[in-house]
Structures are given as structure tokens and as C-alpha cells.
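Hello,

Here is the structure for you to look through. My notes on it follow below.

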Amino acid sequence: MSKTKIVDARGLACPQPVVLAKQAIESHEHVKVIVDNDTALENVKRLGTKLGCDVKVEKKKDGAYEINLTRKGGVAGAKEEFVPSCSATSAQSGPFVIVIAEDKMGRGNDELGYVLIRAFLHTVAGQAEKPNVMIFYNTGVKLTVQGSEVLDDLKQLENEGVQLLVCGTCLNYFEIKDKLAAGTVSNMYDIVETMSSAGRLIVP
Amino acid sequence: MSGQPQYFVMLFKAVSYVLKAEKILKKEGLPHKLIPVPKNISSDCGICLRFEPSIQNKIEAALLNKVEIEEIRELAD
């Protein structure tokens with residue numbers, strides 16, 4: 001009975017880690033739970049405290065956390081039902097959105113801004129964590145048409161499942177609608193809806 | 001593609017050199033791409049020009065006596 005039960009909850013979606021931890025502590029005196037995100041860490045810590053356990057957290061080099069739960073006394077029964085919180089801190093509730101509002105990045109010098117936006121898009125295309133949606137409006141739409149110097153980056157993002165919404169009014173204004181080479185023509189309804197539902201929104 | 005890198009990057013002393021080189025290469029119609037300096041080369045927020053190894057000579061000739069090139073390196077994938 002004194003053996004430590006190890007629960008490896010890395011890679012599991014909320015509330016799985018805390019559910020597994022709860023099952024384990026109900027039948028073992030000592031449980032070591034390994035999690036890889038802050039939400040799971042907070043939930044398991046909260047569970048341990050609530051069940052009257054001794055809680056010790058150790059941060060590992062690879063970014064994971066080891067949470068040691070030890071039952072104090074004999075009884076580990078929650079008086080009320082434990083409700084894990086899956087929408088805490090780092091958890092996202094909506095899509096990750098990047099808004100490209102101009103064909104440059106930052107204000108002050110346009111030549112430099114054009115250098116920066118190209119570097120930005122090239123870097124986004126190479127990132128492991130890609131946005132779900134990218135929105136282009138105003139002069140930002142110029143980056144999505146034939147002759148754009150970032151087309152290969154945008155096409156790569158598109159191929160990897162990133163949705164590119166390009167403002168139709170803007171393409172029309174610059175008279176480049178027939179030159180669209182990446183993304184799909186979109187409208188203010190989709191743009192507003194996407195922005196409103198975003199879990200995270202970046203405007204470089 | 002055994003051994004041969006897909007791209008080279010050309011590094012310069014200053015951003016203004018990169019822009020000058022870019023203008024020349026555009027005028028000459030030599031394909032290239034402006035990208036951030038890869039992290040394994042420098043952690044500075046720098047930019048450089050990426051190009052295919054096959055046109056290295058043409059690029060160097062176009063920039064000769066016009067823009068000082070600091071270094072040309074292979075771009076590790």
C-alpha cells in the first residue's frame with residue numbers, strides 16, 4: 001500500500017489529468033502525477049488540497065511538473081464534488097488569430113516596416129505553433145496578391161491548414177481582386193466573427 | 001539533394017546594406033528572399049538575404065564594389 005502510484009498525464013486534455021489523479025489517490029496513499037501544462041498543474045494541486053493531501057510540486061527541466069500527493073491521515077474523501085477548471089490561465093477557448101492590418105509592421109518608417117512584416121510572416125510560417133486564422137485588410141491585402149514577396153510563406157501556411165481571410169472591400173479598393181494568389185476573399189461579417197471568437201489575437 | 005544545401009544566406013554589416021543589396025538584386029532580376037537572420041547564426045534581430053546556391057556567382061558579381069558582403073553561409077534547415 002505504500003507504493004507510489006505514478007500517473008503520467010502529459011499530453012492529455014483537461015480534465016483528464018485531474019480525473020486520473022483523483023482515481024489514483026482514491027486507491028493509493030502516495031501518487032506522483034506528471035503534467036505538462038499550467039492548467040493541469042493548478043487543477044491537480046487544487047484537487048490535492050481539497051482532498052486533504054500533502055502537495056509537493058517539482059518542476060522538471062523539460063517544462064513538465066511532478067506533483068506528489070500524499071494522503072494525510074487515513075481518509076481521502078472529498079466532502080463535495082471537485083470541479084476542474086479547464087478554462088484557466090493558459091487554456092484557450094477560441095482560435096489563435098493574427099491580423100495583418102498593413103503591408104508593414106510597426107509605425108514610423110515604411111521601408112523598415114516592410115522589411116519587418118516580411119520577416120514576421122516568414123517566421124510565423126516556420127513556427128511550430130501556427131495560427132488558426134490570419135486576417136488581411138487595408139494595405140495588408142497587398143501581401144496576398146501576385147507579385148507579393150511573401151507569397152511562398154502565405155501559401156505554405158495555407159497548405160498547413162491556416163485559414164487566410166482577405167478583405168474583399170480592400171482588394172476591390174486597390175483594384176487587385178483578380179490578382180489574389182493566397183487565401184480566400186472574405187467580408188466584414190467573417191472578419192468580425194473571427195475576431196470576436198478569438199482565444200488569442202495578435203496584431204503585429 | 002545529397003549534401004548540397006537548399007539555400008545560402010548572405011549576411012551584411014547593417015540593415016541599410018541589406019536594403020541596398022535587395023534593390024540591386026531586384027533590378028537584376030536575381031531571385032532572393034529577405035528573411036530574419038537564423039537564430040543559430042545570431043540572436044540579434046537582424047535580416048539577411050536567402051538565395052539558391054546555383055546563382056551565388058551572379059549575386060556576388062551583381063553586388064561587387066556596390067555593397068559589402070559580410071559573410072555567406074549555408075542555411076541549415
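**Contacts, cores and packing**

Leaving aside neighbours within four places in sequence, A:Cys167 is in contact with A:Phe136, A:Tyr137, A:Val141, A:Ser186 and A:Ile191. Please keep in mind that this is a predicted model.

A:Cys167 also belongs to the largest nonpolar core, which has 44 residues. The members that touch the most other members are A:Met134, A:Ile135, A:Phe136, A:Leu164, A:Cys167 and B:Leu49. Which helix gives the most to this core? Helix α3 of chain A, residues 110-126, does, with 6 residues. Another core, of 17 residues, lies apart from this one; A:Val7, A:Val33, A:Ala40 and A:Leu41 are among its residues.

Next, the place where the two chains touch. On the side of chain B, 5 residues are in contact with 6 residues of chain A. Strand β2 of chain B (residues 33-36) gives the most to that side, with 3 residues. The residues on the side of chain B divide into 5 nonpolar, no polar and no charged.

Last, a pair of helices within chain B. Helix α1 (residues 15-28) and helix α2 (residues 56-63) of chain B pack at an angle of about 115°, and their axes are 10 Å apart. The crossing of α1(B) past α2(B) is right-handed. From α1(B), the contact is made by B:Ala21, B:Ile24, B:Leu25 and B:Glu28; from α2(B), by B:Ile59, B:Ala62 and B:Leu63. By type, the residues of this contact divide into 6 nonpolar, no polar and 1 charged.

Regards

Technical notes: Residues numbered from 1 in each chain as written. Chains lettered and ligands numbered in written order. Predicted model: local features only at pLDDT ≥ 70, side-chain atom pairs only at ≥ 80, totals over all residues. Core = buried A, V, L, I, M, F, W, Y, C linked by C-beta atoms within 7 Å. Buried ≥ 20, exposed ≤ 12 C-beta atoms within 10 Å, placed from the backbone. Helix = DSSP H or I, 4+ residues; strand = E, 2+ residues; numbered from the N terminus. Contact = placed C-beta atoms within 7 Å. Axes fitted to C-alpha atoms, helices over the stretch in contact; angles between N-to-C directions. Left-handed = near helix turned anticlockwise from the far one by under 90°. Nonpolar A, V, L, I, M, F, W, Y, C, P; charged D, E, K, R; others polar.
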